Amino acid sequence: MQRNVRGVLLAVLIWGLFWGSTPLLAARPVQVVATFSILQDFVEQVGGEAVTVSSLVPLGADPHTWEPSPREAGLVARAELVVANGAGFDDWLLPLVKSAARPGIPLLQLSEGLVPDVDHHDHGHGHGHTADPHLWLSVPNAVAYVERIAAALTELRPELGDFFAGRAQAYIQELWALDERFRAELETIPAESRVIITYHNAFGHLAERYGFAVVEFLVENPEAEPNPRDLGRLVELLGRLDRPVVFTEPQISSGTRYMQALAREAGAAVHVLYSDSLTSEVPTYLQMMAYNLQTLVEAWR
Ligand SMILES: [Zn+2]
């Protein structure tokens, strides 16, 4: 009996020390909702075991054309923080937050302020392009997203500020190493060969960062249908290239069919790039970007 009591006391003491010395495990994880899988990955990288993150758009689905269901309203209702891209990319979120989120829950729009709003900066080009919201495809923007996530999590759990800062710094180092790899490996490709033709307007920021000669697409965003004039324009462009290549994006199946038809018409090779969703093949942003880099180098070399 005596031994049992001592055993229980010891267990309680150890338990107390354990929980007392690891506020992380003692505290309830921050409940975060991200609009799509790439942002979910960023939050997980920064938050580790101190956060629980759900993605509203399922893995492999297209965030542009996706529509929320009651399941997602439930997720938003339980969230302490909602993380979105903004810049028009995931605007379907706004009514959902308005109707389902608890009052005062912060909505973090990661792209805010990172690109000028084209509506107010039209210098009369008149080509009708809206801003490309896929900022995360340029690695320095991903770094900015991660810093913003760390700041927002710290606001919610100030006692874990060092923990979030440490994880964010380690991850940002990996991101800069990825950026360096993109620069170094793409430098081996002649600038004029760096031509990227995709279904939708997703790779503008990537192209700008890593010096592509041409970035072209069939539709501005996946809600639009391609028109024959644009198909003709791309066939003609591909016809002028030494090594014509088009890139499909697996989350847009209708787009893939159009790009395959375009490739047949122009005698172009077809490769896959990931832009808007992680998949079981590329379950993290770092893996997705490493895959994209390898694909670009193989397609152009
Ligand atoms: Zn997109």
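**Notes on the model**

1. Confidence. The mean pLDDT of the protein is 90, and 86% of its residues reach 70 or more. This is a predicted model, and two stretches should be read with that in mind. Over residues 16-21 the pLDDT stays under 50, and the model has three contacts for them beyond four places in sequence. The pLDDT is also below 50 over residues 120-129, a stretch with three contacts in the model beyond near neighbours in sequence.

2. The sheet. Four strands make up an open sheet with parallel pairing, and their order is β2-β1-β3-β4. At the edges are β2 (51-55) and β4 (107-109), each of which pairs on one side only. On average, neighbouring strands of this sheet are turned by 25 degrees against each other, direction ignored.

3. Pairing of β1 with β3. Strand β1, residues 30-34, pairs with strand β3, residues 81-84, in the parallel sense, over three bridges. Within this part of the model, Val32 is found opposite Leu81 in β3.

4. Surroundings of Ser54. This residue, Ser54, belongs to strand β2. Leaving out residues up to four places away in sequence, Ser54 touches Val32, Val33, Ala34, Gln40 and Leu75. Ser54 and Val76 are 22 residues apart along the chain, and their C-alpha atoms are separated by 9.4 Å.

5. Helix α6 on the sheet. Which strands does helix α6 lie across? Helix α6 (residues 139-156) lies across β1, β2, β3 and β4, and runs at about 165 degrees to β4.

6. Contact of α4 with α5. Helix α4 (residues 70-78) packs against helix α5 (residues 93-100) at an angle of about 60 degrees, and their axes are 9 Å apart. The two helices, α4 and α5, are therefore oblique to each other. Their crossing, that of α4 and α5, is right-handed. From α4 the contact draws on Glu72, Ala73, Val76 and Ala77, and from α5 on Leu96, Val97 and Ala100. By class, the contact of α4 with α5 holds six nonpolar residues, no polar ones and one charged. Val76, listed here for α4, is also the residue whose C-alpha atom was placed 9.4 Å from that of Ser54 in point 4.

7. Contact of α3 with α7. The axes of helix α3 (residues 37-47) and α7 cross at roughly 120 degrees and come within 7 Å. On that angle, α3 and α7 are therefore oblique to each other. Helix α3 contributes Asp41, Phe42, Glu44, Gln45, Val46 and Gly47, while α7 contributes Phe163, Phe164, Arg167, Ala168 and Tyr171. The contact of α3 with α7 has six nonpolar, two polar and three charged residues.

8. Contact of α7 with α11. How are α7 and α11 oriented to each other? Helix α7 (residues 161-186) and helix α11 (residues 285-300) pack at an angle of about 5 degrees, their axes being 11 Å apart. The pair α7 and α11 is therefore roughly parallel. On the α7 side the residues are Tyr171, Glu174, Leu175, Leu178, Arg181, Phe182, Glu185 and Leu186; these meet Tyr285, Leu286, Met289, Ala290, Leu293, Leu296, Val297 and Trp300 in α11. By class, 13 nonpolar, no polar and three charged residues take part in the contact of α7 with α11.

Technical notes
Residues are numbered from 1 along each chain as its sequence is written. This is a predicted model: local features need pLDDT of at least 70, side-chain atom pairs count only at pLDDT 80 or more; totals for chains, interfaces and linings use all residues. Side-chain values use heavy atoms; hydrogens and water are left out. Two strands pair if DSSP finds at least two bridges between them. Axes are lines fitted to C-alpha atoms, for helices over the stretch in contact, and angles run from 0 to 180 degrees between N-to-C directions. Contact means heavy atoms within 4.5 Å. Angles under 35 degrees count as roughly parallel, over 145 as roughly antiparallel, 65 to 115 as roughly perpendicular and the rest as oblique. Ala, Val, Leu, Ile, Met, Phe, Trp, Tyr, Cys and Pro count as nonpolar, Asp, Glu, Lys and Arg as charged, and the others, Gly among them, as polar. pLDDT is the predictor's confidence in each residue, from 0 to 100. A crossing is left-handed if the near helix is turned anticlockwise from the far one by less than a right angle, and right-handed if clockwise.
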